[in-house]
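The sequence and the structure come first, and the description comes after them.

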Amino acid sequence: MKSLLIFLLCFLKCCTAVRLPIVLVPGIAGSQIEARHTKKLPYPEYCPSMKEWREVWLNLEEVVPIFANCLAMDMSFDYDPETQSYREPDGVETRVSNFGSTKSIEYLSASTDILIKEISKYFHDIVSYFVKEAGYVRDESIVAAPYDWRLSPWSMDHYFENLTSLIERVSARYNAPAILISHSMGGPTLQSFLNASSAAWKDKYISAWFPVEGVWAGAPKVTKAVISGDNFGTPAPSSDLYTMERTLESPLFLMPLASLWPKDHNVIVSVDNPKKQYDTSMFVELLEDLNVTNAKERVVPLLARRDSLRAPGVKVFCIYGTNKSTPWGYEYKKLDGSGPSRTILGDGDGTVPLPSLEHCQTWSSQQPQPVELKSFTGVEHVQAIMDPDIFEYIHSHITGLEEEYESKHHLGNGGQ
């Protein structure tokens with residue numbers, strides 16, 4: 001009986017009311033990446049030969065310790081100071097899979113193995129919720145915009161153009177503006193996109209944005225990635241990944257911003273030998289001490305551009321977790337690739353400190369559109385995108401936005 005009632009409600013919703021389509025934007029490490037080799041490479045013999053496209057992120061075969069360095073070589077970038085751009089190493093090509101489809105982000109692995117799917121689950125629960133409870137249809141009324149999370153938004157080839165086209169397409173399909181839901185790095189990525197979009201376009205195509213666990217002012221955890229590695233919860237040894245992670249642009253994009261960071265917590269990294277402290281204004285110096293080439297050219301213009309981001313100019317419901325022990329800084333014995341000797345902890349979602357999560361509240365004074373903050377006690381950074389209470393919060397507001405849109409436009413059958 002309950003199933004029949006849900007079906008009838010969904011049927012009535014689809015046929016008699018407005019449907020605001022949903023566009024999902026994932027966070028760092030949240031999109032599947034494929035690679036292939038265009039020539040024989042000087043890799044160890046045990047690394048797989050990839051003449052055809054093959055999943056590298058997240059391929060669980062490649063994050064086991066023996067193959068982690070193969071993954072690192074395929075995922076690295078070279079920086080060209082002349083063009084101020086990132087490019088793949090000679091002989092390696094990569095691409096992001098299935099733009100527009102939710103299967104690109106429901107699981108981090110494209111494997112069909114049940115155990116691997118469960119381990120690599122990401123947006124699956126929230127997609128399933130809106131399909132079952134609200135009558136959404138995968139890849140029609142709920143779609144996804146994955147991206148190359150190794151880069152900053154400004155280095156992703158044609159991403160803004162592709163995202164614009166996707167939003168316009170689903171908006172035209174349902175004759176209604178879209179709902180944006182992002183996670184983690186997807187927050188500042190969408191903020192960059194919306195800053196680059198005209199007010200008229202946003203008024204026409206965006207109903208509201210629900211950023212979940214947005215990294216608005218940065219996160220100290222990315223400094224650990226470039227110093228001693230971050231395996232993103234996989235079995236790969238962090239020590240095999242830090243060399244690769246130093247070549248990526250996204251950790252630099254997410255460095256704590258000096259202008260937004262609490263002044264009484266601005267020391268992010270402390271080192272015993274030699275004795276030195278690095279605050280939020282010293283990331284170039286930190287990278288240079290790590291022997292990272294082109295550090296100034298890579299960091300200074302990127303953080304300046306990040307610092308120039310302003311309110312998005314759309315209705316925002318900012319969602320984040322609290323009361324989880326969260327890295328605010330690290331202490332190292334020396335900068336030799338080994339892990340931190342101590343982690344300085346404070347409030348946040350377990351990954352992003354609270355001041356960064358709450359920075360979106362400053363937008364209320366920068367834009368006429370409302371900005372609402374909602375915290376969820378004890379909800380962790382990644383688990384937030386799998387939390388039923390957050391799903392219900394978003395769903396209830398979407399329902400209200402649909403009713404508001406229908407009333408405003410005097411729609412009888414919603415343009416379905």
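The model is predicted, and side-chain atom pairs are counted only at pLDDT 80 or more.

**Helix packing**

Helix α5, which covers residues 124-134, packs against helix α15, residues 388-409, at an angle of about 45 degrees, and their axes lie 11 Å apart. Angles from 65 to 115 degrees count as roughly perpendicular and those under 35 as roughly parallel, and α5 and α15 are therefore oblique to each other. The crossing of α5 over α15 is right-handed. On the α5 side the contact is made by D125, I126, Y129, F130, E133 and A134, which meet F391, E392, I394, H395 and I398 of α15. Sorted by class, this contact holds seven nonpolar residues, one polar residue and three charged residues.

The second pair is formed by helix α6 (residues 159-174) and helix α7 (residues 186-196), whose axes come within 11 Å and cross at roughly 80 degrees. That angle makes α6 roughly perpendicular to α7. Here Y159, F160, L163, T164 and I167 in α6 are in contact with T189, L190, S192, F193 and A196 in α7. The classes in the contact of α6 with α7 are seven nonpolar, three polar and no charged residues.

**Pocket and cavity**

What volume does the largest pocket have, and which residues are the closest to its centre? The volume is about 770 Å³, and of the 38 residues in the lining, I28, A29, F232, G233 and V382 are the closest to the centre. Two or more lining residues are given by each of α4 (114-119), α9 (221-228) and α11 (250-253), with the largest share, three residues, coming from α9. By class, the lining of this pocket is made up of 21 nonpolar, 11 polar and six charged residues.

A search of the whole structure for cavities of 30 Å³ or more finds one, and the largest cavity contains about 50 Å³ of space. The lining of the largest cavity consists of W57, L71, M75, W149, F232, L241, M244, E245 and L248, to which α2 (68-75) and α10 (242-245) each give two or more residues. Eight of the residues in this lining are nonpolar, none is polar and one is charged.

**Backbone geometry**

Most residues other than glycine have a negative phi, and most peptide bonds are trans.

| Cis peptide bond | Omega | Loop of the second residue |
|---|---|---|
| W57 to L58 | about 0 degrees | L58: between β3 (54-57) and α2 |
| N273 to P274 | near -5 degrees | P274: between β10 (267-271) and β11 (276-279) |

Definitions and conventions: Residues are numbered from 1 along each chain as its sequence is written. This is a predicted model: local features need pLDDT of at least 70, side-chain atom pairs count only at pLDDT 80 or more; totals for chains, interfaces and linings use all residues. Side-chain values use heavy atoms; hydrogens and water are left out. Axes are lines fitted to C-alpha atoms, for helices over the stretch in contact, and angles run from 0 to 180 degrees between N-to-C directions. Helices (H or I, at least four residues) and strands (E, at least two) are DSSP runs, numbered from the N terminus. Angles under 35 degrees count as roughly parallel, over 145 as roughly antiparallel, 65 to 115 as roughly perpendicular and the rest as oblique. A crossing is left-handed if the near helix is turned anticlockwise from the far one by less than a right angle, and right-handed if clockwise. Contact means heavy atoms within 4.5 Å. Ala, Val, Leu, Ile, Met, Phe, Trp, Tyr, Cys and Pro count as nonpolar, Asp, Glu, Lys and Arg as charged, and the others, Gly among them, as polar. On a 1 Å grid over the protein atoms alone, a cavity is a set of points where a 1.4 Å probe fits but cannot get out, and a pocket is an open set with protein on both sides within 12 Å along at least five of seven lines; lining residues have an atom within 4 Å of a point. Grid points are joined across faces, edges and corners, and a volume is the space filled by probe spheres set on the points.
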